[in-house]
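Okay, thanks for coming, everyone.

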Amino acid sequence: MGDESEKSKPSKVKANCKNCGSDRWAIVVAQYTKHEALEDETGIWARAEFRILQCPACDDVFFQTDSIFSEDYSVDEHPVTGEAQYDYTHTIEHWPPIEKSRREKPTWLDKLSLIDADLLSLFSSVYVALDREIDVLAAIGIRTVFDRASELLSIDPTKGFAEKLTNLMANGKIGADERTILNVLTDAGSAAAHRGWKPSPEQLDTMMGIIESFLYRTFLLGEDAKKLRKKIPNRPKKKKKAKSA
């Protein structure tokens with residue numbers, strides 16, 4: 001059997017838009033269906049629908065394939081007639097695919113550009129390494145982000161990590177507990193860089209939690225707290241008690 005013309009083409013289908021997310025309605029701009037008989041004697045066949053789609057929300061145009069194989073199905077019984085109903089499995093793929101993030105970027109990430117463009121660039125590259133599962137590079141990058149952050153806090157970049165932490169504590173930038181936590185972070189980064197250590201996803205998640213907390217508290221939390229203060233209504237003034245006659 002050759003190519004098969006469609007009886008009716010849908011005007012819209014559910015699809016994955018890389019900008020708006022998964023399972024969104026998309027307009028079918030163009031569609032082509034190909035039906036192939038794989039074995040004439042057994043009746044085994046395959047069908048694929050190729051669609052050019054447009055997202056009505058963001059106007060982005062992308063590509064979708066919807067494939068069916070004749071032997072990949074489940075059978076249910078019609079509740080009234082008792083007849084067999086065949087439900088074919090659809091294999092749906094999109095291009096370009098939606099990029100899945102291993103860790104969501106914090107909402108405040110772009111604010112780092114107001115602090116230092118290099119700090120933002122370095123930290124953004126760590127998220128790229130995470131998404132591409134380059135775990136050793138991500139761990140080294142986290143340590144490099146701490147390096148840059150400490151330099152912005154007037155710590156000599158030529159000093160070792162232990163001395164940097166001591167200076168940060170002496171300058172009142174971190175407390176004793178945070179120093180202990182950051183020491184674990186820098187040691188983990190050094191192990192990845194120099195001792196062939198590859199952190200697990202859970203260990204990387206812990207490292208990211210440490211560096212995110214440090215950056216936000218050190219560079220952004222103070223300003224956000226000031227903005228919050230302005231939005232909090234003042235306490236009502238106490239009414240003066242009337243003097244008794």
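Predicted model: local features only at pLDDT ≥ 70, side-chain atom pairs only at ≥ 80, totals over all residues.

Let's start with Glu-133, which counts as exposed because its relative accessibility is 58%. You'll find Glu-133 in the loop between α1 and α2.

Asp-59 isn't a glycine, yet its phi is positive, about 70°. This one sits in the loop between β3, residues 44-54, and β4, residues 61-77. Is Asp-59 buried or exposed? Exposed, with a relative accessible area of 52%.

While we're on backbone details, have a look at Pro-96. The peptide bond running from Trp-95 to Pro-96 is cis, and omega there is near -5°. Pro-96 belongs to the loop between β5, which is 84-95, and α1. Most peptide bonds are trans.

Now let's zoom out. How many helices and strands does the chain have? Five of each.

What about the overall dimensions? The radius of gyration is 29 Å, whereas a compact globule of 245 residues would come out near 18 Å. Along the principal axes, the C-alpha atoms fill a box of roughly 90 × 80 × 35 Å. Buried residues are 32% of the 245 in the chain. The chain exposes about 16,500 Å², and 51% of that comes from carbon and sulfur atoms.

Okay, on to α2. This helix has 18 residues and spans 26 Å from its first C-alpha to its last, close to the 26 Å expected. Its buried residues include Ala-138, Gly-141, Ile-142, Val-145 and Phe-146. What covers the buried residues of α2? The cover includes α1, α3, α4 and α5. After α2 comes Ser-154, with a positive phi near 70°.

Let's stay with Phe-146, since it takes us to the aromatics. There are nine aromatic pairs in the structure. In one of them, the ring centres of Phe-146 and Phe-161 are 6.2 Å apart and the planes are at 40°, so that pair counts as tilted. Phe-146 is in α2 and Phe-161 is in α3, 15 residues apart, and the pair links distant parts of the chain. Both Phe-146 and Phe-161 are buried.

Phe-146 also pairs with Phe-214. Here the centres are 5.7 Å apart and the planes are at 45°, so this pair is tilted as well. Phe-214 lies in α5, residues 201-231, so its pairing with Phe-146 in α2 ties together parts that are 68 residues apart in sequence. Phe-214 counts as buried because its relative accessibility is 0%, and Phe-146 counts as buried at 0% too.

Phe-161 has one more neighbour to show you. The charged end of Lys-164 sits over the Phe-161 ring, 5.3 Å from its centre. There's also Lys-12, whose charged end sits over the ring of Trp-25, 5.0 Å from the centre.

Last stop: which residues form one aromatic cluster? Those are Trp-45, Tyr-73, Tyr-86 and Tyr-88.

That's my tour, so over to you.

Technical notes: Residues numbered from 1 in each chain as written. Heavy atoms only, no water. Phe/Tyr/Trp six-rings, centres within 6.5 Å; stacked < 30°, edge-to-face > 60°. Helix = DSSP H or I, 4+ residues; strand = E, 2+ residues; numbered from the N terminus. Buried < 20%, exposed > 50% of the residue type's maximum accessible area, 1.4 Å probe, protein only. Lys NZ or Arg CZ within 6 Å of the ring centre and 35° of its normal. Rg over C-alpha atoms; globule rule 2.2 N^0.38 Å. Areas by Shrake-Rupley, 256 points an atom, 1.4 Å probe, with all protein chains shown as cover. Expected span 1.5 Å × (residues − 1). Contact = heavy atoms within 4.5 Å.
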